[in-house]
Amino acid sequence: MAQKKKRRLKKKYRVLRGIYAAVVAIAAVIVIGYGVYKIAIPAPEIAPEETNQTSSQQDVAPGMERGSHSRREQTYTFMLVCPDQASGNADAIMMVTYDVPNQKIGMLSIPRDTLVDESYPKINASLHKGIDNLQEVVSELVGYPIDFYISIDLDGFVELVDAVGGVDFNVPIKMYYSDPDQNLHIYYDPGMQHLNGRQAMEVCRFRKNYDGTGYPLGDIQRSETVRNLMVTVAKKLVSNINQVDQFIEILQRNVETNLSGTDLTWFATRAISLNLNTGVTGNALPGDGNVTAKGVRYCYELEPGGSLALINQLVNPYTAELTPKDVNFCYLNEANGRLARADASMFKTEDDTSAAGSTTPDPEYD
């Protein structure tokens, strides 16, 4: 796979401040040159189709060879990652597809313990070999190339929330957990709360209480909380767009991405008209979080039919639906204890595919 460029949003790109200032003016219908921006700035390039090919040399079962697909016009794919500073794993992984002409964003959370056929069988550990490796593993899983990655650390998230004075958020369940080694102390009752940056981070990180209780559906519901909180923060950022210089400075210090300054400008001019209330939909991949593989407990084995249905519904960038041939879901063969790729027979029929899946809470912070 072609080597991807990496780029930090560094302070030397001070011209970006002027670009964002122009975007603010555009939103206020002040700058007449809005049309010039739309014409002069080229659309970002999409990832080459070669990144959608399997990187392993394992044999592919007959009838499971990947298909060929056409991308929808100006529909881009992103991988959002939040690294865990303590473990080096990915604390959250989310796929996002932005359909620019229709102003629609689909978000799909990949549970961090999703089973993969790697040396360590949880997908979150793929970040240890670098963001490019994680991007390749995730692309293999979902069945299409990823155009851009955005990795933001927890400090940046905390700073952004604090910069807008916190957010009002409905905490879905009781959250009582403490881990002095991580300086993590989470104590919230369910209901509407005003959260500062650190509190918002704690709500995102919560997985279980002292007594083992927590989200009834484990990472499925945790992912929903993270997505809802992200959208809430995004709305607050938009409503405080006059602080754009401060937001950019925070991102410069805390974000790693392969988006160029030109790419950012192009997306900014298009996203101005996005309705965050109606244009954003999301979900999480369903599965079973109580699988032990390669001696590792609480791996999350995807439910093939429901997972494929959600990929097609929310983040598929192609004009045609993805099929079992395209995705690469790993499962544990209980007969021999080995990991294998889910074949077509394991996917539900079209009438039986649904977003509902049997999930088991994952009680581990790792």
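What percentage of the 366 residues in the protein do buried residues make up? With that as background, which strand is largely enclosed by the rest of the structure, and how is it paired?

Author: The model is a predicted one. Buried residues make up 51% of the 366 residues in the protein. The strand in question is β3, which spans residues 90-99. Nine of its ten residues are buried, so β3 is largely enclosed by the rest of the structure.

Strand β3 has a partner in β2, residues 75-83, and the two pair in the antiparallel sense over nine bridges. Within this pairing, T75 stands opposite D99 of β3. The two strands form a hairpin with six residues between them. In that hairpin, G88 adopts a positive phi near 85°.

Strand β3 also pairs with β4, residues 104-110, again in the antiparallel sense, here over seven bridges.

Among contacts with a separation of 6 or more, 71% are accounted for by residues 24 or more positions apart. The protein exposes about 16900 Å², and carbon and sulfur atoms supply 51% of that area.

Helix α5 (residues 197-205) packs with helix α6 (residues 219-239) at an angle of about 150°, the axes lying 8 Å apart. Because of that angle, α5 is roughly antiparallel to α6. On the side of α5, the contact is made by A200, V203, C204 and R205. On the side of α6, R222, T225, V226 and L229 make the contact.

The mean pLDDT of the protein is 81, with 79% of its residues reaching 70 or more. Over residues 51-65 the pLDDT is below 50, and this stretch has 27 contacts in the model beyond near neighbours in sequence. Residues 353-366 likewise have a pLDDT below 50, with 52 contacts in the model beyond near neighbours in sequence.

Notes: Residues numbered from 1 in each chain as written. Predicted model: local features only at pLDDT ≥ 70, side-chain atom pairs only at ≥ 80, totals over all residues. Heavy atoms only, no water. Buried < 20%, exposed > 50% of the residue type's maximum accessible area, 1.4 Å probe, protein only. Helix = DSSP H or I, 4+ residues; strand = E, 2+ residues; numbered from the N terminus. Pairing = 2+ DSSP bridges. Contact = heavy atoms within 4.5 Å. Areas by Shrake-Rupley, 256 points an atom, 1.4 Å probe, with all protein chains shown as cover. pLDDT = per-residue confidence, 0-100. Axes fitted to C-alpha atoms, helices over the stretch in contact; angles between N-to-C directions. Parallel < 35°, antiparallel > 145°, perpendicular 65-115°, else oblique.
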